[in-house]
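Colleague: Could you take me through the charged pairs in this model, one at a time and with the terms explained?

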Amino acid sequence: MHELETTRLTLRPWTEADAPALYRWASDPEVGPRAGWEPHASVEGSAVIIREVLAVPESYAIVLRESEPEDEPVGAIGLKFGAASELAHGTREAELGYWLARPFWGRGYMPEAGRALLAHAFLDLRLESVWAGHYEGNLQSRRVMEKLGLTETGTRDAAGRLEHVLRVTRGEWGAD
């Protein structure tokens with residue numbers, strides 16, 4: 001898997017050396033529950049998450065290009081395929097997922113990362129559509145999805161929580 005670059009960000013594969021940074025940001029109780037996961041409880045637990053969840057194809061650590069410490073992830077973005085996705089169907093679709101550490105909210109980093117990943121999805125991977133979902137009340141995540149061109153297709157019950165489901169097709173994105 002290669003890296004994706006934007007003006008301010010590098011999207012790169014996760015490594016176990018990222019566990020302390022992942023724990024630092026993913027232990028925040030305001031971050032994980034918005035995305036559907038529990039806050040991380042230890043660096044060791046974060047290392048397990050890297051090995052078992054994040055170290056897969058098309059899963060990227062978000063790194064600020066001019067960060068201190070250098071190369072420290074401040075979030076994650078990725079595409080899920082097949083059985084890993086509850087929204088995407090078939091081999092030409094994927095589900096977009098992401099989160100960002102709270103100190104970096106509101107600076108436009110997630111739409112920037114999302115635009116790079118969608119360009120990769122439609123131009124390099126030749127996907128036909130990308131799906132995403134956000135829980136009721138998570139307006140920040142919805143705004144990111146709308147900035148990326150996703151539109152709502154409906155809602156669903158996701159483990160007792162109302163989830164809004166959005167999608168963008170290759171043609172809507174402009175890859176045709």
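**Salt bridges in the model**

Modeller: Arg156 is partly exposed, with a relative accessible area of 25%, where buried means under 20% relative accessible area, exposed over 50% and partly exposed in between (1.4 Å probe, protein chains only). This is a predicted model, in which local features need pLDDT of at least 70 and side-chain atom pairs count only at pLDDT 80 or more, while totals for chains, interfaces and linings use all residues. Residues are numbered from 1 along each chain as its sequence is written, and side-chain values use heavy atoms, with hydrogens and water left out.

Colleague: With which residue does Arg156 form a salt bridge?

Modeller: A salt bridge is a side-chain nitrogen of Lys or Arg within 4 Å of a carboxyl oxygen of Asp or Glu. For Arg156 the closest N and O atoms of the pair are 2.6 Å apart. The partner is buried, with a relative accessible area of 7%, and it is Glu163.

Colleague: How many residues apart in sequence are the parts that Glu128 and Arg92 tie together?

Modeller: The side chains of Glu128 and Arg92 meet in a salt bridge at 3.0 Å, N to O. Glu128 lies in the loop between α4 (109-124) and β6 (129-135), and Arg92 in the loop between β4 (73-80) and β5 (93-100); helices (H or I, at least four residues) and strands (E, at least two) are DSSP runs, numbered from the N terminus. The pair therefore ties together parts whose separation in sequence is 36 residues.

Colleague: How many salt bridges does a search of the whole structure find?

Modeller: Side chains of opposite charge can pair when their charged atoms come close. Arg12, Asp18 and Asp71, for instance, are linked in a network of salt bridges. Over the whole structure, the search finds 14.
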